[in-house]
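Here are a few notes to read with the model open beside you. Take them one at a time, and find each place in the structure before moving on.

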Amino acid sequence: MDSRVYILGRDSAPQYLRLEAGEELAMTLVVPPGTDVQYSLEVDLCGPGAGLDLAGLYLCPGSERVELRVLVRHSAGGCNSRQLFKGIVGGTARALFDGLIYVAPDAQKTQAYQENHTLLLSETARTESRPQLEIYADDVQCSHGATTGYLNPEELFYMRSRGIPEAEARRLQMQAFLAPVIRRLSDAAAEEIYASLP
Amino acid sequence: MEEIIKDISSQEYKEGFVTEVAQEYVPKGLNEEIIRLISAKKGEPEWMLDFRLGAFRKWQQMTLPQWGHLKLPPIDFQDIIYWAAPKRAEDRPDEIDPALMETFDKLGIPLREREMLAGVKPKGEVAVDAVFDSVSVTTTFRKSLAEKGIIFCSFSEAVREHPDLVRKYLASVVPVGDNFYAALNSAVFSDGSFCYIPKGVKCPMDLSSYFRINAAGTGQFERTLIIADEGSSVSYMEGCTAPMRDENQLHAAVVEIVVEKDADVKYSTVQNWYPGDAQGRGGILNLVTKRGICKGSGSHLSWTQVETGSAVTWKYPSTILLGDHSSSEFYSVAMTNNYQQADTGTKMIHLGRGTRSRVVSKGISAGHSENSYRGLVQMGPGADGGRNYSQCDSLLIGSSCGAHTFPVIRNQNPRAVVEHEATTSKISEDQLFYCTQRGIAPEDAVALIVGGYAREVLSRLPMEFAVEAQKLLSVSLEGAVG
């Protein structure tokens, strides 16, 4: 499977992708700290059997303004798409994730999933999540989930009671939270993200 | 399978009859003169007229909201009769017109207070405020409610008899300029229900409003105001029907609910306006603003709605969770068939500490209908420990309908948690096969599966309503399976 990683603000990432019958693509988007970005991506699954595996993470510990808009369009039946976006937002940053799954009439046997999770670290940070479904075919399996939350104080207590310093424990929590996306990166890119955790 | 779906969508709307009753109208159209006329007909005090005129001037500067996932037919606001009422000799006659009595009997709404049989306690009595076109016809059980200090009457009476309460709370939850239709309603609202539960009183029976559109060419603009004072509780139900007509009729209502400290309000709706025919002609345009505020700490507001009717539904019952540790729920089943369109959902706005909310929405679309869930969950900077869980499921029946989910989650607090999930599915061949193979007719099987799917919401309804809602769901589905 074709697998690509884009660091937004550094690499030029595509804004429109078209997947023909049987084509499969894995794509990972990374928004490192200190990046203001307004990025929108449209992926058109237009042949049967096309598959998209999309993941992204955004780290906004300062005063970033991040807007990610993703439209996954199932124009043909029998395709599957999967999305996973994770964000950590602190400081006075603003982060928006707007993701729409569109299933065209007659795009039967579609499977589409989308997840968006964010952690809020400060009183002055703001997050907004808009996971959306627009479905015009009946024989489909589509679902999305979105959560926003904060670093679990009980986990923190558990680690601190075992002698792990607070800052270290917080970093471990964030690492664990981001792991499903970081796993997809090269070692060098992963190191960079780990080092930049607030 | 195809045949079953066809059968299900061909059922008739049994509330679609017209009552022949002498009615009086104001002329068509909308301007300050009409508003003065409506206000004069109702014998309103000066402040009420000023309120209406203020709203009208705001409305004139507003534009129609376009953001809904709806194809609205153009509405000519000058081509609507804004006030229609059955003729009557005096303001509130002792005797109700037998034709009206019959109408409400036919709809299963008791307007007589049933006499108690010796030794037999009536079970589940319901006090009803019946609104026919622009006026409230009668309110039952007022005496026994008044003994407890509960005020339950038509809105017009409340304006006359309890002006202090009305002035204090009117437009305190839905401001006059909140949106286009709320402003229109504030300018021309005709009647509706008013309910006040005093401190510490548990309302001994369910209260209910029943709305009926009868006259042609009119719109219905009712206004409901419910106030639950400290520590009180009430269960409120709302039902509605309209005759079958080829034209679209406008229904733009406003419901405001104020819940004070430790009070508990349960608001249930079974919406069964005429949905238009199988080709999408006619039907009610149901453009409604409903909002409650949990003002005091520990207050609770629960919304339950079953939406089966209306050509177009545009409705977002919302709760502002202002008081600390207040909570709210929203349970909804929205069913669309043929060419019906629904864009409905809720807004949960968390402002106080430790506020909790729960959203369960079940959409069912069949035929050529469009069914959208649209919602907002917001955690304000003060909502420490706020918690929300939302679940939106869509069920598609047939391949020409649409099911959509448009939630917004906005978080401004690092100690609040919001969870949202949504799924879309259809009735599988396997489920149908399982039922039919056990001798259950396909229509019944679909009704059974849909009933099971909607059960979590239906079980929240008061008993009389739950039975009706279950029936409505299976009726609305007629001809949808195939």
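1. Start where the two chains join: in this predicted model, strand 11 of chain A (residues 140-149) is paired with strand 24 of chain B through 7 bridges. The two strands run antiparallel.

2. Now widen the view to the whole contact between the chains. How many residues does each chain bring to the contact? Chain B gives 27 residues, and chain A gives 29 residues. On the side of chain B that touches chain A, strand 23 (402-411) and strand 24 (417-426) each supply at least two residues. Sorted by class, that side of chain B has 11 nonpolar, 11 polar and 5 charged residues.

3. Next, please follow chain B to a pair of helices. Helix 9 (residues 429-437) and helix 10 (residues 442-458) of chain B pack with their axes 9 Å apart, at an angle of about 125°. Is that roughly perpendicular, roughly antiparallel or oblique? Roughly perpendicular ends at 115 degrees and roughly antiparallel begins over 145, so helix 9 of chain B is oblique to helix 10 of chain B. The crossing of these two helices of chain B is right-handed.

4. Which residues make that helix contact? From helix 9 of chain B come B:Gln431, B:Leu432, B:Cys435 and B:Thr436, and from helix 10 of chain B come B:Pro442, B:Ala445, B:Leu448 and B:Ile449. By class, the contact of helix 9 with helix 10 of chain B has 6 nonpolar and 2 polar residues, with no charged ones.

5. Two backbone angles in chain B are worth a look as well. B:Ala171 is not a glycine, yet it has a positive phi of about 65°. You will find B:Ala171 in the loop between helix 7 (163-169) and helix 8 (180-188) of chain B. Is B:Ala171 buried or partly exposed? B:Ala171 counts as partly exposed, because it has 19 C-beta neighbours inside 10 Å and buried would need 20 or more.

6. The other angle belongs to B:Asn338, which has a positive phi of about 50° although it is not a glycine. B:Asn338 sits in the loop between strand 17 (327-336) and strand 18 (341-344) of chain B. With 23 C-beta neighbours inside 10 Å, B:Asn338 counts as buried.

Note on methods: Residues are numbered from 1 along each chain as its sequence is written. Chains are lettered from A and ligands numbered from 1 in the order in which they are written. This is a predicted model: local features need pLDDT of at least 70, side-chain atom pairs count only at pLDDT 80 or more; totals for chains, interfaces and linings use all residues. Helices (H or I, at least four residues) and strands (E, at least two) are DSSP runs, numbered from the N terminus. A residue is buried if 20 or more other C-beta atoms lie within 10 Å of its own, exposed if 12 or fewer, and partly exposed in between; C-beta atoms are placed from the backbone. Two residues are in contact if their C-beta atoms, placed from the backbone, lie within 7 Å. Ala, Val, Leu, Ile, Met, Phe, Trp, Tyr, Cys and Pro count as nonpolar, Asp, Glu, Lys and Arg as charged, and the others, Gly among them, as polar. Two strands pair if DSSP finds at least two bridges between them. Axes are lines fitted to C-alpha atoms, for helices over the stretch in contact, and angles run from 0 to 180 degrees between N-to-C directions. Angles under 35 degrees count as roughly parallel, over 145 as roughly antiparallel, 65 to 115 as roughly perpendicular and the rest as oblique. A crossing is left-handed if the near helix is turned anticlockwise from the far one by less than a right angle, and right-handed if clockwise.
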